[in-house]
Amino acid sequence: MTSGATIPHVVSLGSGVDDAAVVGGKAAGLERLLRAGLPVPPGVVLTAAAYRARTVPRVDLRGRLAVRSSATVEDGPRGAAAGLFDSVLDVAPEDLEGAVRRVWASADSPAVAAYLEARGLPPSDLAVAVVVQPYLHADERGTLYSRLPDDPAAPRALVERAGGAWLEVDRDAGDPLMRLARAAERALGCDGVDIEWLRCGDRLWIVQARPIPAPVPAARPDPALWAFSAADPDTTWRWDVTHNPDPLSPAQIGLVDRVNRGDLRVVAGYLYAADRPDDVAARPAVDVGALDAMERELERTGDTVASALATYEAVYRIYNDRLAPGLRAARRALPALLAEHVGPDEADALAHVLLGAPSDARLESLLVAVAEGRLPRRALEAVAAPMAPAWDVAVPTYGERPDLLDAAIAAARRSGAAAAARDAERRVRARLPPGARAAFDAALAEARAAADVAELDDRLFARAQWQVRRALLALGRGDDAFFVPLDAAARGEVDPAAAAAARAQMRRQRGLAMPLAVRGGRPLASPPAVAGWAWRGRGCGGRARGVAVVVSDLGAIPQLPAGAIVVADTITPAMAVLLCRARAVVAAHGGLLDHGAAIARELGVPCVVGCAGARRALRTGDRVFVDGAAGWVVKLRG
């Protein structure tokens, strides 16, 4: 199209128009394939101009039709937007207008909005052209990646055939499908191509082709950052990723400094803790009375920043000295007993199910109780209002976002976790030797009580942090108070320019590839991803498929679309409010006995945790399949 020319509402495939702004990414790719002489079914494109005018022009095609989206943000080198826009197959000619309007309407979904936001694309950049072709009754169909997405230099390709079976094949093989894939690479001018293919009799067709987007590598931190750990080569410092996966605000760093006894370290904004062995012989009991002591400190807090900080320090001291040692010991007892008598491979999974009995100590249980009318909304507000999805004083609480509580209540539903826990308890007791059953009962009771105490101390700690947040906001400097050094903020010395610089630094830090652990002045190796299209973790629950929403910043408090597959670095306790609307959960870190799996179990959604490869590779808008039972996460063809 020439500049200033009127853009028609319909053009034929093969007419030479390959501008994605006119015909969308999918049609632009098909046009280039046709120009190279590759087998693409004939058809027409209802252009972006037709979408903007909301006019469905007449097309001269007979027989059943395939109506596929070709959005301007689809199938490009920056991203595929796979699965975000509808396609309608096997359409009668008289139903064409309804099918086209259905494709257009899919652009208004929350998942599309999240995709655009994640890539910094304004909504005005989006238009949905539509490809209309004859519907081909295929003898076989599938997907082909001409290069391994996680290892593009390898001489291998991935082929999916009907039924979902994936096969690695020689990319230089001489069979017709691989020859077609290499020709598509040349036509699109890319090193790797993802194609959808059909076989009708002896003939192969390509109905969709797009470049395999290259992942943006994370920046490596300066090795000098780990010099602090060289002084004590026997101590491992671990990233506190299950609680703090994001860089901390200056205010939160100030709180860490106030309670640090030499066992905490903030490195490039990320919190690391010294991993020193507990005294196993001591085996302290859980000090339930510590909860009352924390409550008394919270009740004494005044309105000043100094008073709130003093309370925060006191609450942390009680937790660290009186609660933490007993909770660590109680968490280890049940899996250790199960490993001894049932087997180490089953221990964590069984413990996860056994701890699924409902408890009002858990936020997700309260959500279900309010949704079912068994508790008033104010009972949930009393617990959730001081909480935030991230453990950072700079992050607004749910009390500041009541709309998120409304959405969570509307979506909360009862799961089968309680029945599963009772059934697992019966099965485990039946497998144990008689002499071990009393020890099992005691370990289970202790583990359940400890889990409740851990949830209750989280509530109290959230209140302590909320009191600091409230006192800083009362200074009248707005959110800037959280992005200058804490002592300066407490004195009312808040420089907007310094706050803006701190925010910019946190954005840069978020792109760092931080190691999970360091020792002796150097990072310890992290486990590699399994593959570029399938990843393995520890799973629970059933199976689900849907569109991924990647939560890269817990502090942003995203409003998740219903039915999203939530993919995050970690799942914090307060994220139960967000996850009520999720179809499944994938977390890079954590195990079956951590918060993420516990929340998913209570909400009755499939979950895979400890799945770092998926978190690094998936992007908002990708279609994924989550198999909680097997612990697999698979990226699907859109």
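I started with burial: 52% of the 638 residues in the protein are buried. The model is a predicted one, and I read every entry below with that in mind.

Then I checked overall dimensions. I noted a radius of gyration of 27 Å; a compact globule of 638 residues would have one near 26 Å, so the two agree. Along the principal axes, the C-alpha atoms fill a box of roughly 80 × 65 × 55 Å.

For secondary structure I counted 19 helices and 23 strands. Of the contacts between residues at least 6 apart, 67% join residues at least 24 apart.

I looked at charge placement. There are 77 positive and 77 negative charges, and their mean positions lie 3 Å apart.

I turned to the nonpolar cores. In soluble globular proteins, nonpolar side chains tend to be buried together. Here the largest nonpolar core has 91 residues. Which of its residues touch the most other members? I found Leu367 and Leu380. I followed up on Leu380: leaving out residues up to four places away in sequence, it touches Leu363, Leu366, Leu367, Val370, Ala385, Leu405 and Ile409.

I then picked two loop residues.

Asparagine 244 sits in the loop between strand E11 (236-239) and helix H6 (250-259). Is asparagine 244 buried or exposed? Its relative accessible area is 8%, and the cut-off for buried is under 20%, so I recorded asparagine 244 as buried. Not counting residues up to four places away in sequence, asparagine 244 touches Trp239, Leu271 and Trp391.

Cysteine 611 is in the loop between strand E21 (607-609) and helix H19 (612-617). I recorded cysteine 611 as buried too, because its relative accessible area of 1% falls under the 20% cut-off. What does cysteine 611 contact, its neighbours within four places in sequence aside? I listed Trp535, Arg536, Gly537, Val586, Ala587, Ala588 and Val633. For one of these, valine 586, I also looked up the C-alpha separation from cysteine 611. The two residues are 25 apart along the chain, and their C-alpha atoms are separated by 7.1 Å.

Key:
Residues are numbered from 1 along each chain as its sequence is written. This is a predicted model: local features need pLDDT of at least 70, side-chain atom pairs count only at pLDDT 80 or more; totals for chains, interfaces and linings use all residues. Side-chain values use heavy atoms; hydrogens and water are left out. Helices (H or I, at least four residues) and strands (E, at least two) are DSSP runs, numbered from the N terminus. The radius of gyration is taken over C-alpha atoms; the globule rule is 2.2 Å times the number of residues to the power 0.38. Buried means under 20% relative accessible area, exposed over 50%, partly exposed in between (1.4 Å probe, protein chains only). Contact means heavy atoms within 4.5 Å. Lys and Arg count as positive and Asp and Glu as negative; His and the chain ends are not counted. The place of a charge is taken as NZ of Lys, CZ of Arg, CG of Asp or CD of Glu. A nonpolar core is a set of buried Ala, Val, Leu, Ile, Met, Phe, Trp, Tyr and Cys residues joined through side-chain atoms within 4.5 Å.
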